[in-house]
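Welcome! Have a look at the sequence and the model below, and then we can walk through the fold together.

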Amino acid sequence: MMTLSTRITRANETDIPSLLSLNNRYAAAGLTLARTPEFAANHLGDYRVLRDASGGILGCVSLDEYSPSVAEVISLAVEQDARGRGLGRALVVALLELLRGRGARCLSLEVRSRHAPATAL
């Protein structure tokens with residue numbers, strides 16, 4: 001559940017180190033793919049970040065567009081102490097809104113069966 005003190009925004013260049021730190025922390029466990037600064041910079045317009053009251057990043061998500069109508073959710077990550085509050089779901093909804101505006105009709109999300117929070121989406 002999102003609170004008044006959290007908000008989802010488009011990522012900006014100064015967010016890249018935090019995005020990579022959060023995403024790549026889960027990559028070590030095989031739950032996301034490791035991302036590079038170049039990857040994040042090239043997908044910056046597709047990243048959405050969940051910010052706390054001070055502007056810090058609690059979660060992030062991006063997408064990879066395969067065609068004008070098909071995209072995949074990538075790099076979905078939420079800080080460990082912020083999990084279980086529906087924040088990952090809120091990030092995916094933000095991506096759906098972005099894609100609707102672009103005219104996409106299909107979004108896919110691949111998850112590992114051992115990753116219970118992701119399979120609950």
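## Helix α1

Let us begin with helix α1, residues 16-27: at 1.5 Å a residue its twelve residues should span 16 Å, and because its end C-alpha atoms are 16 Å apart, the model agrees. The expected span of a helix is taken as 1.5 Å times one less than its number of residues. Helices (H or I, at least four residues) and strands (E, at least two) are DSSP runs, numbered from the N terminus. Please keep in mind that this is a predicted model, in which local features need pLDDT of at least 70, side-chain atom pairs count only at pLDDT 80 or more, and totals for chains, interfaces and linings use all residues. Residues are numbered from 1 along each chain as its sequence is written, and side-chain values use heavy atoms, with hydrogens and water left out.

Which residues of α1 are buried? They are I16, L19, L20, L22, N23, Y26 and A27. Here buried means under 20% relative accessible area, exposed means over 50%, and partly exposed lies in between (1.4 Å probe, protein chains only). The cover over these buried α1 residues includes α2 (37-42), β2 (48-51), β3 (57-67) and β4 (70-78).

## A closer look at Y26

Y26 is part of helix α1, and with a relative accessible area of 10% it is buried. What does Y26 touch, not counting residues up to four places away in sequence? Its contacts (heavy atoms within 4.5 Å) are L31, T32, A77, V78, E79, Q80 and R83. For one of these, A77, the C-alpha atom is separated from that of Y26 by 7.4 Å, although the two residues are 51 residues apart along the chain.

## Salt bridges

Side chains of opposite charge can pair when their charged atoms come close. A salt bridge here is a side-chain nitrogen of Lys or Arg within 4 Å of a carboxyl oxygen of Asp or Glu, and the whole structure holds four of them. One of these joins R25 and E79, whose closest N and O atoms are 2.7 Å apart. R25 belongs to helix α1 and E79 to the loop between β4 and α3 (87-102), so this pair ties together parts that are 54 residues apart in sequence. R25 is partly exposed, at a relative accessible area of 41%.

Another salt bridge links D46 with R102 (2.8 Å, N to O). Because D46 lies in the loop between α2 and β2 while R102 lies in helix α3, the pair ties together parts 56 residues apart in sequence. D46 is buried, with a relative accessible area of 14%, whereas R102 is partly exposed at 34%. R102 also forms a salt bridge with E65, where the closest N and O atoms are 2.5 Å apart. This pair links distant parts of the chain, with E65 in strand β3 and R102 in helix α3, 37 residues apart. Through shared partners, D46, E65 and R102 are joined into one network.

## Nonpolar cores

A nonpolar core is a set of buried Ala, Val, Leu, Ile, Met, Phe, Trp, Tyr and Cys residues joined through side-chain atoms within 4.5 Å. The largest one has 15 residues, of which A11, L19, L22, Y47, V49 and C60 touch the most other members. At least two residues of this core come from each of α1, α2, β3 and β4, and α1 gives the most, with five residues.

Leaving aside neighbours within four places in sequence, C60 is in contact with L19, L22, R48, V49, S75, L76, A77 and L91. There is also a second, separate core of 13 residues, which includes L50, L58, L63 and V78.

Two strands pair if DSSP finds at least two bridges between them. β2 and β3 pair in the antiparallel sense over four bridges, and L50 stands opposite G59 in β3. Their hairpin has five residues between the strands, and there G55 takes a positive phi near 95 degrees. β3 and β4 are also antiparallel, over seven bridges, and a hairpin joins them through two residues. E65 has A71 in β4 as its bridge partner.

S75 sits in strand β4 and counts as buried, at 6% relative accessibility. The side chains of S75 and R35 are joined by a polar contact of 3.0 Å. A polar contact is a pair of N or O atoms within 3.5 Å; within protein, one must be able to donate a hydrogen and the other to accept it, and residues adjacent in sequence count only if both atoms are side-chain atoms.
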